[in-house]
Amino acid sequence: MSSNSPVAALPEKKASYVQSITIIGILFFVFGFVTWLNGTLIPFLRIACELSIGQALLVTFAFFLAYFFLGLPSSFILKKVGFKNGMALGLVVMAVGSVIFLPAANTRSFGMFLTGLFVQGAGLTLLQAASNPYISIIGPIESAAKRISIMGICNKIAGIIAPLVLSTIVLKNATALEEQINTATDAAQKSLLLDSLASRVIGPYIVMAVVLVIVAFFIKRSSLPEIDTSGNDAGSTGTEKTSILQYPYLLLGVLCIFLYVGVEVMAGDVIGTYGNQMGMSLDKTKYFTSFTLAAMLVGYIIGIITIPKIISQSMSLRISAILGLIFTTCAYLTDGYTAVTFIALLGLANALMWPAIWPLAIDKLGKYTQLGAGLLVMGIVGGGVLPQVYGGLFNKDGMLGFLHSESINFRQAFLYCMLPCYAYILYFAVAGHKVGKPKA
């Protein structure tokens, strides 16, 4: 039978589709691993660089700030080099960011650590700008949330593993070591202890840099197909759009991504700090990020089973936002491990938000797909901004310390940050994603 016949072409197309999904799944694992190391880096750098809580939260700010500055440039890079080359380039840039951790650790320079995090974020910006629209438009848009949920499983499995691995290495006997450092009376001895702690991060980041370069090489050599987004979307009304600003649902989606990533990072990276504020030891709180990500993993599995056969993408987003409002309120009203459990359960509430928001916001953009992806990626900066707002409300030492009020404690700050975000996400799920969208 001829290989050009429809019968022969079908399994070939299916094989290519499965292979593409697998390759993108590997990428989601990689950037999940790198992103969720921040939850461990916050307490690690707080000790090693002798920082306040507010200063330590600059870890997330520096990392996510790259998304804001490089979101749009990434879309232009992808137009020039294509999706596949953009993914490979992003991995190489992430490797460079990992290498910067070596001199940062040797000098215990917090500024250099933040530089490394910013460069890692720059690489991830390009990777996200390429992989998310790719997985959204490689198949039917109605099932995009299901595909992104599968990618989310890869991402969150890596996220569960990452803090466990890094905290075991860099925060081993953390409570005892912190006490040793705090009680050291000799400056030379204290400096020696801090240098020894800082050096623990060198090995893991050397390994990470090597792995990222290897994955970049294989992506470059892979058979990952390019997707043509130069034409108008098939669902367009036929009226030619002349500006990305003529898609208001996309702009509302950018704000939704901003707030969503903010609450996701709060639930994952700030949960340890929340536990510390309640008097829990660092030896216990260093694993809390993994609890949130395990809850997200459960949420992704639910999404794969239910979307779109049982519930639509917009309905899954509505349910998720309502759960976010409920769990946040319960965390505020409870104490101890019960409160921590409700914060971890926010992972379940957050799981299906990214898979739903992205395709709802990028649908029917046609030739503006890369630009729309760039704007959505810029919204990821919310993951750096919201923790700073949270820290500023109850801690005057942070970058936004001017927000500090003596009448606001860490519990109230968490509530004030999270509830408005989930309320807006609910609005986008109900009505925002329809505003100005071309009819099918």
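Q: Let us begin with the cysteines: how far is the sulfur of Cys-330 from the closest cysteine sulfur?
A: Please keep in mind that this is a predicted model. To call two cysteines a disulfide, we ask that their sulfur atoms lie within 2.5 Å. The closest cysteine sulfur to that of Cys-330 belongs to Cys-421, and because the gap is 18 Å, it is too far for a bond. Cys-421 is in no disulfide either, since its nearest cysteine sulfur, that of Cys-417, is 7.1 Å away. A search of the whole structure finds zero disulfides.

Q: Are Cys-330 and Cys-421 buried or exposed, or something in between?
A: The reading rests on relative accessible area, where under 20% is buried, over 50% is exposed, and values in between are partly exposed. Cys-330, with a relative accessible area of 24%, is therefore partly exposed, whereas Cys-421, at 4%, counts as buried.

Q: How should I read a salt bridge, and how many does the structure hold?
A: The general idea is that side chains of opposite charge can pair when their charged atoms come close. The structure holds seven salt bridges. One of them joins the side chains of Glu-50 and Lys-190, with 3.2 Å from N to O. Glu-50 lies in the loop between α2 (38-48) and α3 (53-56), while Lys-190 lies in helix α8 (residues 187-199), so this pair ties together parts that are 140 residues apart in sequence. Glu-50 is partly exposed, with a relative accessible area of 45%, and Lys-190, at 26%, also counts as partly exposed.

Q: Which residue forms a salt bridge with Lys-156?
A: The partner of Lys-156 is Glu-264, and the closest N and O atoms of this pair are 3.6 Å apart. Lys-156 belongs to helix α6 and Glu-264 to helix α10, so the bridge ties together parts that are 108 residues apart in sequence. Both Lys-156 and Glu-264 are buried.

Q: Which residues lie closest to the centre of the largest cavity?
A: A cavity is a space in which a probe fits but from which it cannot get out. A search of the whole structure finds three cavities of 30 Å³ or more, and the largest cavity has a volume of about 230 Å³. Of the 18 residues that line the largest cavity, those closest to its centre are Gln-128, Asn-155, Lys-156, Glu-264 and Trp-354. Here you meet again Lys-156 and Glu-264, which form a salt bridge with each other. Helices α1, α4 (58-107), α6 and α10 each supply at least two residues of the lining of the largest cavity.

Q: A pocket is open, as I understand it; which helix gives the most to the lining of the second largest pocket?
A: That helix is α9, which contributes seven residues to the lining of the second largest pocket. The pocket has a volume of about 240 Å³ and is lined by 16 residues, of which Phe-33, Val-34, Val-207, Met-208 and Val-211 lie nearest its centre. At least two lining residues come from each of α1, α6 and α9 (202-221).

Q: Which residues form the nonpolar patch on the surface?
A: The patch is formed by Phe-29, Ile-157, Ile-161, Val-165 and Ile-169, which together have about 360 Å² of accessible area. Its largest share, four residues, comes from helix α6 (residues 144-170), whereas Phe-29 lies in helix α1 (residues 6-35). Phe-29 counts as partly exposed because its relative accessibility is 33%.

Q: Finally, how many residues apart along the chain are Gln-55 and Asp-397?
A: Gln-55 and Asp-397 are 342 residues apart along the chain, and yet their C-alpha atoms are separated by 6.8 Å. Gln-55 is found in helix α3 and counts as partly exposed, at 34% relative accessibility. In another such pair, Thr-242 and Tyr-368 are 126 residues apart along the chain, with 9.7 Å between their C-alpha atoms. Thr-242 is found in the loop between α9 and α10 (248-269), and it is exposed, with a relative accessible area of 65%.

How values were computed: Residues are numbered from 1 along each chain as its sequence is written. This is a predicted model: local features need pLDDT of at least 70, side-chain atom pairs count only at pLDDT 80 or more; totals for chains, interfaces and linings use all residues. Side-chain values use heavy atoms; hydrogens and water are left out. Patches are made of residues with over 30% relative accessible area and no salt bridge: like charges are joined within 9 Å, nonpolar side chains (Val, Leu, Ile, Met, Phe, Trp, Tyr) within 5 Å. Accessible areas come from the Shrake-Rupley method with a 1.4 Å probe; for residues, only the protein chains shown count as cover. A salt bridge is a side-chain nitrogen of Lys or Arg within 4 Å of a carboxyl oxygen of Asp or Glu. Buried means under 20% relative accessible area, exposed over 50%, partly exposed in between (1.4 Å probe, protein chains only). On a 1 Å grid over the protein atoms alone, a cavity is a set of points where a 1.4 Å probe fits but cannot get out, and a pocket is an open set with protein on both sides within 12 Å along at least five of seven lines; lining residues have an atom within 4 Å of a point. Grid points are joined across faces, edges and corners, and a volume is the space filled by probe spheres set on the points.
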